Amino acid sequence: MTMVRWDMLDKLKAVSKGIRVDVTYGAVTKEARRDLKIKKSHANDAYCMGSFHPSHRTDLKRYEKCRRNNRVLSKFYDATYIDIRDGKKKKANALGCNRTKRRESRRSEKNERIYRGEKVSKGRIVLRTKRTVIRPGDIVYTGKKKYIVASSKNLGKQLKLADGSLLTTSKVTKIIHCGGWKTVTL
């Protein structure tokens, strides 16, 4: 970076006619940040560079990509068995042969299939046939209260909110869809 930096600076000065180009260092930025009594962040370092420091600063906004479409059309629910060692319900995957390589035998000492007791529920594949209107990341209002949706439940009739509580869709008065990017609170 040391050789490239000076070459980039020369090319930038040649291209920017009439605009002053200066070089600063981290130590200078650190002192300016200490004088202004602000904590270290990328935005604060950019604010501290140079000599112009406006009295009004905008708030830093952070955006995160919002997944708009889950393309998985089928979901697999594993069978449930009673573990004969402790009597608790466990998924079939937890009571499997536990081999990690195909060359390992299924009948090794890692095999936990022998502890499967009575089958409580059988495995099933559920096909998704429709989409819900309200998707994760959407903002919903009930009156004047604002909530962020984490997921939908019960074929879209209930919403699981970001705080973990449930809300029925009949109580929703306004929906703001997440358009691909959602704002993350800092």
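Visitor: With which residue does K40 form a salt bridge, and how far apart are the closest N and O atoms?

Guide: Side chains of opposite charge can pair when their charged atoms come close. The term salt bridge is used for a side-chain nitrogen of Lys or Arg within 4 Å of a carboxyl oxygen of Asp or Glu. Here K40 pairs with D45, and the closest N and O atoms are 2.9 Å apart. This is a predicted model, in which local features need pLDDT of at least 70, side-chain atom pairs count only at pLDDT 80 or more, and totals for chains, interfaces and linings use all residues. Residues are numbered from 1 along each chain as its sequence is written, and side-chain values use heavy atoms, with hydrogens and water left out.

Visitor: Are K40 and D45 buried or exposed?

Guide: Buried means under 20% relative accessible area, exposed over 50%, and partly exposed in between, with a 1.4 Å probe and protein chains only. By this scale K40 is exposed at 60%, whereas D45 is buried at 14%.

Visitor: How many salt bridges does the structure hold, and which residues are joined into one network?

Guide: The structure holds 10 salt bridges. One of them links the side chains of K90 and D83, at 2.9 Å from N to O. D83 is buried, with 0% relative accessibility, while K90 is partly exposed at 26%. Another is formed by R85 and E112, whose closest N and O atoms are 3.5 Å apart. R85 lies in the loop between β3 (80–83) and β4 (89–91) and E112 in the loop between β4 and β5 (116–121), so this pair ties together parts that are 27 residues apart in sequence. Both partners count as partly exposed, R85 at 44% and E112 at 22%. Through shared partners, salt bridges join D83, R85, D86, K90 and E112 into one network.

Visitor: How many helices and strands are there in the chain, and why is it described as more spread out than a compact globule?

Guide: Helices (H or I, at least four residues) and strands (E, at least two) are DSSP runs, numbered from the N terminus. The chain has 3 helices and 12 strands. Its radius of gyration is 29 Å, well over the 16 Å that the globule rule gives for 186 residues, so the chain is more spread out than a compact globule. That radius is taken over C-alpha atoms, and the rule is 2.2 Å times the number of residues to the power 0.38. Along its principal axes, the C-alpha trace spans about 80 × 55 × 35 Å.

Visitor: What share of the residues counts as buried, and what share of the accessible surface belongs to carbon and sulfur atoms?

Guide: Of the 186 residues, 18% count as buried. The accessible surface comes to about 15500 Å², and 54% of it belongs to carbon and sulfur atoms. Such areas come from the Shrake-Rupley method with a 1.4 Å probe; for residues, only the protein chains shown count as cover.

Visitor: What share of the contacts comes from residues 24 or more positions apart?

Guide: Contact means heavy atoms within 4.5 Å. Among contacts with a separation of 6 or more, residues 24 or more positions apart account for 47%.

Visitor: Which residues does A43 touch, and which does K171 touch?

Guide: A43 lies in helix α3 (residues 42–48) and is partly exposed at 27%. Not counting residues up to four places away in sequence, A43 touches R57 and L60. The C-alpha atoms of A43 and D59, 16 residues apart along the chain, are separated by 9.8 Å. K171 lies in the loop between β10 (166–168) and β11 (174–176) and is exposed at 55%. With residues up to four places away in sequence again not counted, K171 touches Y141 and T142. K171 and M8 are 163 residues apart in sequence and 58 Å apart in space, C-alpha to C-alpha.

Visitor: What is the phi of N98, and where is N154 found?

Guide: Phi of N98 is near 60°, a positive value in a residue other than glycine. N98 is placed in the loop between β4 and β5 and is partly exposed at 33%. N154 also has a positive phi, of about 55°, although it is not a glycine. N154 is found in the loop between β8 (145–153) and β9 (158–161).
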